[in-house]
Amino acid sequence: MLSRILVANRGEIALRIIRACRELGIETVAVYSEADCSAPYLRLADEAVCIGPADCNQSYLNIPRIISAAEITNVDAIHPGYGFLAENINFAEICRDCGIGFVGPPVEAMRLLGDKVEARRLARKAKVPVVPGSEGVVPNEAEALKLANQIGYPVIIKAVAGGGGRGMRVVHNDISLRGAFNAARMEAEAAFGEGSVYVEKFIVEPRHVEVQVMADQEGNAIHFYERDCSIQRRHQKMIEESPCPALEDRDRQRLADAAIRLIKEANYVNAATVEFLLDKDKKFYFIEVNTRIQVEHPVTEMVTGHDLIKWQIKIASGHTIRMRQKNIKHQGVAIECRINAEDPANNFSPSPGTITEYVAPGGLGVRVDTHAHQGWTVAPHYDSLIAKLIVHQKTRAEAIATMRRALQEFIIHPIKTTIPACLEILSHNLFVKGKIDTGFIERNF
Ligand code: ADP
């Protein structure tokens with residue numbers, strides 16, 4: 001088993017990983033920027049190292065500094081969490097070259113799946129349905145026009161290196177495609193340093209359904225069922241749940257089988273999420289694989305009872321999966337709300353600042369994953385996520401009721417948060433009926 005892990009992240013996910021390590025008897029090294037120097041979770045790590053100023057490029061994204069911290073503190077491995085360096089191939093490669101373990105997939109699998117065009121190719125090979133679209137990168141506007149007319153509008157232009165809902169443009173006709181093609185390329189170039197784009201059919205009012213998978217070095221792979229992440233704002237998830245309320249067991253099985261086929265085809269190791277769009281006829285199409293732990297992993301943990309971070313660490317330690325698929329059960333319904341420091345009344349603009357009053361909800365079926373507390377200052381430099389509120393109940397109706405009362409209990413003052421927006425969504429009759437798709441927020445709010 002790994003004995004000492006550096007957590008190359010901050011906030012709630014850093015705390016989440018430190019907790020898992022403690023329970024496993026693994027020592028941890030936390031790293032922090034000057035903006036996070038007073039974070040109480042740092043005290044829960046065995047050691048904490050300052051890696052630079054608040055600016056991410058000089059701290060959490062700074063590979064030489066993180067590798068130096070790992071060398072100085074003599075760790076066996078680095079857990080990257082999500083975001084920051086979690087899907088940075090260069091970083092994973094440097095870890096490997098320095099003889100530092102990486103709690104994540106091998107570099108080759110990361111490279112293959114991190115490129116969305118390559119991932120689509122692999123999916124076709126594994127007989128996993130993909131969204132109809134271009135075979136590979138679309139080199140120019142003329143080619144994009146030709147393709148769009150073949151596939152039929154609306155189509156979506158996507159960055160090969162895309163992530164976080166950025167670098168995507170939906171276009172409805174030749175005119176809008178002409179304007180959007182180069183804009184998408186430039187946006188992708190600016191965001192990812194890689195301007196290649198491809199084109200696929202824009203699926204109308206789909207659900208976003210993703211399968212949690214775990215694989216070991218010997219080629220064993222198991223899944224932990226699916227999450228429905230259809231409640232999105234600008235392609236960014238806001239509320240997630242498991243199981244997906246629209247799936248019958250037979251469809252659920254087909255989806256999970258497809259995810260496993262793809263992961264095996266990629267010779268994948270460790271945790272992955274295989275994302276699909278589910279159309280109104282319950283046909284599913286692969287969109288991408290996320291090669292890391294996801295923000296929304298707790299809903300899966302609640303319904304399956306498995307600690308996914310511990311699974312990641314065990315697999316990175318070389319453990320073989322002995323668990324049989326049939327022994328992974330799911331029970332009840334879990335929902336997660338992302339509580340962001342954003343003002344819903346002001347177009348979700350960031351709302352950093354010091355929290356002077358903080359009271360977290362509790363009670364049966366309530367879990368709060370956060371590093372926030374009274375006196376904590378939400379810095380403007382980072383992602384606006386301050387807490388994840390997760391509930392678990394026997395039925396979806398009960399889970400919604402618990403989530404609503406927990407949201408009502410949650411006090412975070414004076415900064416603005418997404419709590420009121422989540423409450424409104426949870427109270428909407430279509431959400432209550434489970435009739436949701438990725439356009440739900442844009443249409444209803
Ligand atoms: P990212 O890597 O930026 O998260 P994804 O490929 O995972 O991008 O897509 C994010 C979201 O964008 C999806 O959950 C969905 O809401 C929307 N989306 C992506 N591709 C399509 C498509 N072909 N049709 C309709 N919606 C799409």
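**The sheet and its surroundings**

A: In this predicted model, strand β6, formed by residues 155-159, pairs with β7 in the antiparallel sense, and four bridges connect the two. One of the positions along this pairing can be named: Ile156 has Val170 in β7 as its bridge partner. The pair belongs to an open sheet of three strands, arranged in the order β7-β6-β8 with antiparallel pairing. The edges are taken by β7 (168-171) and β8 (197-201), each of which has a single partner strand, so one side of each is left without a neighbour in the sheet. On average, and with direction ignored, neighbouring strands of this sheet are turned by 20° against each other.

Helices accompany the sheet. Helix α5, residues 116-125, lies across β6 and β8, and runs at about 45° to β8. Helix α7, residues 174-192, also packs on the sheet, where it touches β6, β7 and β8. The direction of α7 makes about 170° with that of β7.

Pro154 is placed in the loop between α6 (141-151) and β6. The peptide bond leading from Tyr153 to Pro154 is cis, and its omega is near -5°. As background, most peptide bonds are trans, and most residues other than glycine have a negative phi. A further cis bond runs from Ser242 to Pro243, with omega near -5°. Pro243 belongs to the loop between β11 (236-242) and α8 (249-265).

Lys127 is not a glycine, yet its phi is positive, at about 60°. Is Lys127 buried or exposed? With a relative accessible area of 67%, Lys127 is exposed, because the limit for that class is over 50%. Phe348 is another residue other than glycine with a positive phi, here near 55°. Its place is the loop between β15 (342-343) and β16 (349-350). Phe348 has a relative accessible area of 17% and is buried, since buried means under 20%.

Arg178 and Glu141 meet in a salt bridge, at 3.9 Å from N to O. Arg178 lies in helix α7 and Glu141 in helix α6, so that the pair links distant parts of the chain, 37 residues apart. Arg178 is partly exposed, with a relative accessible area of 45%. Glu141 is partly exposed too, at 23%.

Salt bridges are also found elsewhere in the model, and the count comes to 36. One of them joins the side chains of Arg252 and Glu226, at 3.0 Å from N to O. Arg252 is in helix α8 and Glu226 in strand β10 (residues 221-233), so this pair ties together parts that are 26 residues apart in sequence. Arg252 counts as buried at 8% relative accessibility, and Glu226 is buried with a relative accessible area of 2%.

Another salt bridge is formed by Arg338 with Glu240, whose closest N and O atoms are 2.7 Å apart. Arg338 lies in strand β14 (residues 333-340) and Glu240 in strand β11, so parts that are 98 residues apart in sequence are tied together by the pair. Both Arg338 and Glu240 are buried. Through shared partners, salt bridges join Glu210, Arg227, Lys237, Glu240, Glu275, Glu296 and Arg338 into one network.

Finally, there is a contact between helices. Two packed helices are described by the angle between their axes and the distance between the axes. For helix α3 (residues 89-97) and helix α4 (residues 107-114), the angle is about 175° and the axes are 10 Å apart. α3 is therefore roughly antiparallel to α4, a description that applies to angles over 145 degrees. Which residues of the two helices meet? Ile89, Ala92, Glu93 and Arg96 in α3 meet Val107, Glu108, Met110 and Arg111 in α4. The residues of this contact divide into four nonpolar, no polar and four charged.

Conventions:
Residues are numbered from 1 along each chain as its sequence is written. This is a predicted model: local features need pLDDT of at least 70, side-chain atom pairs count only at pLDDT 80 or more; totals for chains, interfaces and linings use all residues. Side-chain values use heavy atoms; hydrogens and water are left out. Axes are lines fitted to C-alpha atoms, for helices over the stretch in contact, and angles run from 0 to 180 degrees between N-to-C directions. Angles under 35 degrees count as roughly parallel, over 145 as roughly antiparallel, 65 to 115 as roughly perpendicular and the rest as oblique. Contact means heavy atoms within 4.5 Å. Ala, Val, Leu, Ile, Met, Phe, Trp, Tyr, Cys and Pro count as nonpolar, Asp, Glu, Lys and Arg as charged, and the others, Gly among them, as polar. Two strands pair if DSSP finds at least two bridges between them. Buried means under 20% relative accessible area, exposed over 50%, partly exposed in between (1.4 Å probe, protein chains only). A salt bridge is a side-chain nitrogen of Lys or Arg within 4 Å of a carboxyl oxygen of Asp or Glu.
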